[in-house]
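Thanks, everyone. Have the model open, and let's walk through it together.

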There are 2 protein chains.
Amino acid sequence: MNRRAEVINAAERILEREGPDAVTMRRLADELRIQAPSLYKHIASKTEIEGALQQRALERLGAVLAGASADLATLVAAYRRWALEHPRLYELSARHSLDRPRLESGVEAAAAAPLLSITGGNIAAARAIWGLAHGLVDLELANRFPPNADLDAAWAHAINAFAIYCTPKPEGNPTSRVGLPPAGPATPSPCARSCCRTA
Amino acid sequence: MNRRAEVINAAERILEREGPDAVTMRRLADELRIQAPSLYKHIASKTEIEGALQQRALERLGAVLAGASADLATLVAAYRRWALEHPRLYELSARHSLDRPRLESGVEAAAAAPLLSITGGNIAAARAIWGLAHGLVDLELANRFPPNADLDAAWAHAINAFAIYCTPKPEGNPTSRVGLPPAGPATPSPCARSCCRTA
DNA sequence: CGGTCTGGCTAACGATGTTAGCCAGACCCG
DNA sequence: CGGGTCTGGCTAACATCGTTAGCCAGACCG
């Protein structure tokens, strides 16, 4: 069964080095000094490889987020940074629809946990923040912003807007706050920050 | 030159009826009662077709948004509705990176205008809201939320969070407010809404 | 020793985007 | 009317893609 992991490792290597179009069964077989049809002794289809990489991406992103859940700003900064550092993997994992049955259970929840923790267990708010982070990253990766766009400013606004939903965690208490009531009117600083001045 | 438009129309028809995988040069040729290579008399590549559809999507979405720019809630609702009604077209247009050179000038700006208008010309805030709307839609289309997720609640949070950046337009003045200073501390209702109670 | 399983192999299939090259007809200009 | 060019079809073919079928060497085990 270890060969299967080698296949997926090779796929990830090719993906990161040469982009998604290079991840080809024949190219992948080359990397393993094998013929393409032999791959099917270890995996059922290319889709399965993509699924495995998606799972891998979810795990890694989840781990990174878990280590950066001090407050909203650092959390989303970690999200953005990871996505920009592993754009191919992020794209592959985000664009494909999850086939939850195949996904190892818990991965999804683990990736979501830090976000939930920060919103005090407010699932809907966590989803909104997730959407925001994913959307900004996705648009950035897809080249949808003009080349000179000040994306840091956009992220700053995003963080500022959602500050109402988040109380910074008391220092030194890294455990989850899932289950606590939402933060409620912890009014954010009323947007006099530099990022808010129109250019 | 009109045949080119017919090709793109046919591509859109197939896309919407049978999904992205069905948009094949041969299938497309069938639809036009033609042989596949003949398509190349009217277009240079399949990529060009996708670019044209992307442009088309941008135009239509822009038009819809322009007609729904009363306030943030109706604007993003329109965004979401359009994307869910034309998921294939939206995906195709959002996933592909823009090749701005080929894009007809002004389309991008036109699509962005309603958003900019609502943030009072605050570009960074507009981008954040765009990211949020795109992200939520993209995750929804990609099946990333659990089947029973209450997405309306997530959208409500999203709107609530960004309310600080938006003053509702004075009734009966549909012209743009681009250029005005940002809304500043127009404090949002402090999140006592039903959507904010944790389930 | 014999049987089974593992993990390679070659050959091949159908589908994809795309190119080369031919040709009928429309259309225009002298 | 005659000839040239342009338009828009066509067939044949190519390389590449994911994938299947079927063969076989070797390891391993009873």
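Start with the surface near DNA strand C. Its residues split into six nonpolar, five polar and four charged. Keep in mind that this is a predicted model. Which residues come nearest to DNA strand C? Of the 15 around it, they are Q35(A), P37(A), M25(B), P37(B) and K46(B). Two elements give two or more residues to this surface: helix 2, residues 25–31, and helix 3, residues 46–66, both of chain B.

By class, the surface near DNA strand D has six nonpolar, five polar and four charged residues.

Next, helix packing. Two packed helices are described by the angle between their axes and by the distance between those axes. Take chain A. Helix 3 packs with helix 6, residues 107–118, at about 30°. Their axes are 8 Å apart. Angles under 35 degrees count as roughly parallel, so helix 3 and helix 6 of chain A are roughly parallel to each other. The crossing of helix 3 of chain A past helix 6 of chain A is left-handed.

Who meets whom? From helix 3 of chain A come Q55(A), L58(A), E59(A), L61(A), G62(A), L65(A) and A66(A). From helix 6 of chain A come V107(A), E108(A), A110(A), A111(A), A113(A) and P114(A). Sort the residues of this contact, and you get nine nonpolar, two polar and two charged.

Over to chain B. At what angle do helix 3 and helix 5 of chain B pack? About 110°, with the axes 9 Å apart. The range for roughly perpendicular is 65 to 115, and therefore helix 3 and helix 5 of chain B are roughly perpendicular to each other. E50(B), L53(B), Q54(B), A57(B) and L58(B) of helix 3 meet L89(B), Y90(B), L92(B) and S93(B) of helix 5. That contact holds six nonpolar, two polar and one charged.

Last, confidence. Chain A has an average pLDDT of 84, and 83% of its residues score at least 70. Helix 2 of chain A is where confidence is highest, at a mean of 98. Helix 6 of chain A is where confidence is lowest, at 91. Over residues 169–199 of chain A, the pLDDT is below 50. That stretch still has 58 contacts in the model beyond near neighbours in sequence.

Methods
Residues are numbered from 1 along each chain as its sequence is written. Chains are lettered from A and ligands numbered from 1 in the order in which they are written. This is a predicted model: local features need pLDDT of at least 70, side-chain atom pairs count only at pLDDT 80 or more; totals for chains, interfaces and linings use all residues. A residue is near a molecule or strand if its C-beta atom, placed from the backbone, lies within 6 Å of it. Helices (H or I, at least four residues) and strands (E, at least two) are DSSP runs, numbered from the N terminus. Ala, Val, Leu, Ile, Met, Phe, Trp, Tyr, Cys and Pro count as nonpolar, Asp, Glu, Lys and Arg as charged, and the others, Gly among them, as polar. Axes are lines fitted to C-alpha atoms, for helices over the stretch in contact, and angles run from 0 to 180 degrees between N-to-C directions. Angles under 35 degrees count as roughly parallel, over 145 as roughly antiparallel, 65 to 115 as roughly perpendicular and the rest as oblique. A crossing is left-handed if the near helix is turned anticlockwise from the far one by less than a right angle, and right-handed if clockwise. Two residues are in contact if their C-beta atoms, placed from the backbone, lie within 7 Å. pLDDT is the predictor's confidence in each residue, from 0 to 100.
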